[in-house]
Amino acid sequence: VRESGDFERFLEAIPYLQMLGVSVKVQGEDLLVGMEGRESLIGNPVLPALHGGTVGALMESAAILRLLREPDCQGVPKTITLTVDYLRSPRVKQTWARATITRFGRRVANVQVQAWQDEQDRPIAVAHAHFLLKSQ
Amino acid sequence: VGPIEKLMRKLMSVASPHMRELGMEFLDLKDGVAVARIPYKHELVGDPVTGVLHGGVVTTLLDSTGGAAVFSRLKAPAPIATLDLRIDYLRGSTPNEPLYSRVECYKITRQVGFTRGIAHNGDESDPVASMSGTFMLNTTAVRVSGKEGGR
């Protein structure tokens, strides 16, 4: 993935990301990771709003995909902890996430993620996570 | 079974499309403790080599179970929303085994519900993940068309 930038093949291989309708756009150093506003992802049909878990899954995936671009990343990083703060109710529409690596250490990486829908400066959720970079 | 539990079961089993898509069902819901299960399905896999479920499935299960645990302690049905959720991934979920959750709402105030819980494959002493989450109570369900409600 790192060498070819072939995220589509990576996404196609992961069944749950297919269920969520996850896609990737490369923007220079950054990756924009999208999730479709599918009816099947609704958690609260009254509002309606996407299920918070799907937003968490999108943000975790955005972090992993970003780490895979690092030259020193060997294998798929394993999530140790993930903390999501939900800021606004997510509407049933295309949702975007962008991950920033805060620290890429020898064994552990720290990543921050923002998710939004229409306007990037009105995030629907923010997250931070720790990843194990290689298993021993 | 009280009115809240009845409504909750109905909401969960019928009205939440994503929980339905995951095949999630509630096994128990009373006194602030919710227990749920997701059957193992190929569509939920995150690692095609090992067959381990995607972390997002664990997140969704624990978020929903936490919400249910809070809901079961409300005196009257009211909308709630996740404020924050922390998941610690302790090990990969065992392939071909169902994923269970057990979340307790250990404190509820007028505005906030506090929860903690685990996900496991049938043995609570060998958890897959642990969670802690907070939920806002009485969140407004009103939304002006095309716009968000009050900030």
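Helices (H or I, at least four residues) and strands (E, at least two) are DSSP runs, numbered from the N terminus. Axes are lines fitted to C-alpha atoms, for helices over the stretch in contact, with angles running from 0 to 180 degrees between N-to-C directions; contact itself means heavy atoms within 4.5 Å. The model is predicted: local features need pLDDT of at least 70 and side-chain atom pairs count only at pLDDT 80 or more, while totals for chains, interfaces and linings use all residues. Residues are numbered from 1 along each chain as its sequence is written, chains are lettered from A and ligands numbered from 1 in the order in which they are written, and side-chain values use heavy atoms, with hydrogens and water left out.

An open sheet of 12 strands runs in the order 1(A)-2(A)-6(A)-7(A)-8(A)-5(A)-5(B)-8(B)-7(B)-6(B)-2(B)-1(B), with antiparallel pairing (two strands pair if DSSP finds at least two bridges between them). Its edges are strand 1 (22–27) of chain A and strand 1 (25–30) of chain B, each pairing on one side only. From one strand to the next, the twist averages 20 degrees.

Strand 5 of chain A joins strand 5 (residues 80–89) of chain B through 5 bridges in the antiparallel sense; here Val84(A) has Leu85(B) as its bridge partner. Strand 5 of chain A is also linked to strand 8 (residues 125–132) of chain A, again antiparallel, by 8 bridges, and Leu82(A) stands opposite Ala129(A) there. Helix 3 (residues 55–71) of chain B lies across strand 5 of chain A and several strands of chain B, among them strand 6 (99–108), to which the helix runs at about 40 degrees.

Next comes the interface as a whole. In it, 34 residues of chain A are in contact with 35 residues of chain B. The buried area, meaning the accessible area (1.4 Å probe) that two parts lose on being put together, summed over both, is about 2900 Å², and carbon and sulfur atoms give 55% of it. Tyr16(A), Met19(A) and Tyr86(A) supply 21% of the area that chain A buries against chain B, more than any other three residues.

Asp88(B) sits in strand 5 of chain B. Beyond its neighbours within four places in sequence, Asp88(B) is in contact with Ile80(A), Thr81(A), Val128(B), Ala129(B) and Ser130(B).
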